[in-house]
Amino acid sequence: MRDHYARNITYLRLSVTDRCSLRCRYCMPAEGISLRGHGEICGLEELVEIARASVECGVRKVRLTGGEPLVRRGILDVCRGISAIPGVEELCLTTNGVALPQLAAPLREAGVDRLNISLDTLQPSRYAYMTRVGRLEDVFRGLEAAAAAGFTGTKLNMVLMKAFNEDEIPDFVNLARRYPLEVRFIELMPIGEGQNAPFLPAQAVLDACPDLRPIEASGVARRYRPPGGRGTVGLIEPMSHRFCGSCDRIRVTADGKLKPCLHSDQEIPLRGLHGEALRQALQGGIAAKPERHHMNETGRSQAGRNMHQIGG
């Protein structure tokens, strides 16, 4: 289905929980967060129903997000239900990787095609500081489990932060030289706690690694290959190079609100809707998708929630 700006909307990012096993400083405040009760978030059947209705409106790719989706009870049932929907061409999941040693193989069996794993530093002390509660070794074990389970095309997502991990850019690029991964560098967006972290443009990656060679883009990512490398490097630049003109996605929060744009405060309630009413609400949200965000002018997102409450 096309929106008013002729963009073909084929991608649903569906959040299954606002809970997370980590407490990353640019995502969650130090004093903690107010979590929604189980009755306030979509049930397993509701999540599958929303995905099915979205596919009937033209969606072909579904990504499960959170919070951390692997802390959601019944996540494997959600994956099985969505992967079985006729018309779903790709089911992906974004995770911090901590639970993958136990869940990588079951996720693969449940129909998940590809994983994105969030990792902002390769230094154990920095990882412990940024996540407040995490251990870097758990993520490495998760990466190994994903490979053993047969996942390919795995993407490693690193959020760029000045004075925190910019000196690690060459180390992350070296991962793309050594392994068949796509290492993606993502510009930090001024949303929620992210407004307090120092911004680093993705151009810093090209400055640090001038031997990177451009290849074809993929979605919103500008892509490069290190000479002789087994993997690729992607740059996601919501601030430096707005990609709103080619945005093909909608988001649904764990409490069942459709967000036509991540950076708009517009939210369309979906819970309690079924059949044609649900499809009409989704179509209305797609039609209401704004032309672009205004973060470059305002210096902040209008999202109205933190990322863990929307879906990363």
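Biologist: What makes strand S5 (residues 155-160) count as paired with S6 in this predicted model?

Modeller: S5 and S6 run parallel and are joined by 6 bridges. Pairing requires at least two bridges between two strands, so S5 and S6 count as a pair. One of these links has Leu160 with Glu187 as its bridge partner in S6.

Biologist: How many bridges join strand S6 (residues 182-187) to strand S9 (residues 232-236)?

Modeller: There are 5 bridges between S6 and S9, and these two strands also run parallel. With at least two bridges needed, S6 and S9 therefore count as paired. Phe185 has Leu235 as its bridge partner in S9.

Biologist: What is the place of these strands in the sheet, and what kind of sheet is it?

Modeller: The sheet is open and has 12 strands, in the order S7-S8-S9-S6-S5-S4-S3-S2-S1-S10-S11-S12, with mixed pairing. In that order, S6 stands between S9 and S5.

Biologist: Why are strand S7 (213-218) and strand S12 (268-269) called edge strands?

Modeller: Each of the two pairs on one side only.

Biologist: Why is S6 described as largely enclosed?

Modeller: Of the 6 residues of S6, 6 are buried, so the strand is largely enclosed by the rest of the structure. Both of its faces are covered. Glu182, Arg184 and Ile186 are buried on one side, and Val183, Phe185 and Glu187 are buried on the other. For the chain as a whole, 53% of the 312 residues count as buried.

Biologist: Which strands does helix H2 (residues 75-83) lie across, and at what angle does H2 run to S2?

Modeller: H2 lies across strand S1 (11-15), strand S2 (61-65) and strand S3 (90-95), and its angle to S2 is about 170°.

Biologist: Is Ile50 buried or exposed, and how do you know?

Modeller: Ile50 has 4% relative accessibility. The cut-off for buried is under 20%, so Ile50 counts as buried. The residue is in helix H1, and among its contacts are Leu14, Cys42, Val252 and Leu282. Ile50 and Leu282 are 232 residues apart in sequence, with 8.9 Å from C-alpha to C-alpha.

Biologist: What makes the space lined by Ile50 and its neighbours a cavity?

Modeller: A cavity is a set of points where a 1.4 Å probe fits but cannot get out. A search of the whole structure finds 1 cavity of 30 Å³ or more, and the volume of the largest cavity is about 50 Å³. Its lining consists of Glu46, Glu49, Ile50, Leu270, Arg271, Gly272, Leu273, His274 and Leu278. Helix H1 (residues 44-56) gives the most to this lining, with 3 residues.

Biologist: How do the residues lining the largest cavity divide by type?

Modeller: The lining of the largest cavity has 4 nonpolar, 2 polar and 3 charged residues.

Biologist: What lines the second largest pocket, and what is its volume?

Modeller: The second largest pocket has a volume of about 320 Å³. Of its 16 lining residues, Leu143, Glu144, Ala147, Tyr179 and Leu181 lie nearest its centre. The most is given by helix H5 (residues 136-148), with 5 residues. The lining divides into 12 nonpolar, 3 polar and 1 charged. Glu counts as charged, so Glu144 is the 1 charged residue of this lining.

Key: Residues numbered from 1 in each chain as written. Predicted model: local features only at pLDDT ≥ 70, side-chain atom pairs only at ≥ 80, totals over all residues. Heavy atoms only, no water. 1 Å grid on protein atoms, 1.4 Å probe; cavity = no way out; pocket = protein on both sides within 12 Å on 5 of 7 lines; lining within 4 Å. Points joined across faces, edges and corners; volume = space filled by probe spheres on them. Helix = DSSP H or I, 4+ residues; strand = E, 2+ residues; numbered from the N terminus. Contact = heavy atoms within 4.5 Å. Axes fitted to C-alpha atoms, helices over the stretch in contact; angles between N-to-C directions. Buried < 20%, exposed > 50% of the residue type's maximum accessible area, 1.4 Å probe, protein only. Lists of a residue's contacts leave out its neighbours within four places in sequence.
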